[in-house]
Amino acid sequence: FAFAMALQHLLWGAAQPFTGMLADRYGSGRVLVEGRCAPMHDTAGRALGAVVVVRDVTERVRAAAALI
């Protein structure tokens, strides 16, 4: 859902962060991810595409939870 909202904001020309979880095709492995989508424009201001960066934050979240 967060990724869909990020893509919708791309249509409006705004960069958008998102978080979520990815699973392998069998559902046994899960990875927590966070990322950011940002639109790419040419010099005339027309939208060309988007840049999407996704990072695995599973270990960072687990370490933070272990401190609590």
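Is arginine 46 buried or exposed, and at what relative accessibility? At 56% relative accessibility, arginine 46 counts as exposed (over 50%; buried is under 20% and partly exposed lies in between, with a 1.4 Å probe and protein chains only).

The model is predicted, so local features need pLDDT of at least 70 and side-chain atom pairs pLDDT 80 or more, while totals for chains, interfaces and linings use all residues. Residues are numbered from 1 along each chain as its sequence is written, and side-chain values use heavy atoms, without hydrogens and water.

**View 1. Arginine 46 and aspartate 42 form a salt bridge.** Their closest N and O atoms are 2.9 Å apart. A salt bridge is a side-chain nitrogen of Lys or Arg within 4 Å of a carboxyl oxygen of Asp or Glu. The whole structure has four salt bridges.

**View 2. Arginine 60 forms a salt bridge with glutamate 34.** The closest N and O atoms are 3.1 Å apart. Arginine 60 lies in helix H2 (residues 58-67) and glutamate 34 in strand S2 (residues 30-41), so the pair ties together parts that are 26 residues apart in sequence. Helices (H or I, at least four residues) and strands (E, at least two) are DSSP runs, numbered from the N terminus. Arginine 60 is partly exposed at 48% relative accessibility, whereas glutamate 34 is buried at 18%. Glu34, Arg55 and Arg60 are linked in a network of salt bridges.

**View 3. Arginine 62 forms a salt bridge with glutamate 59.** The closest N and O atoms are 3.3 Å apart. Both residues lie in helix H2, three residues apart, about one turn of the helix, and both are exposed.
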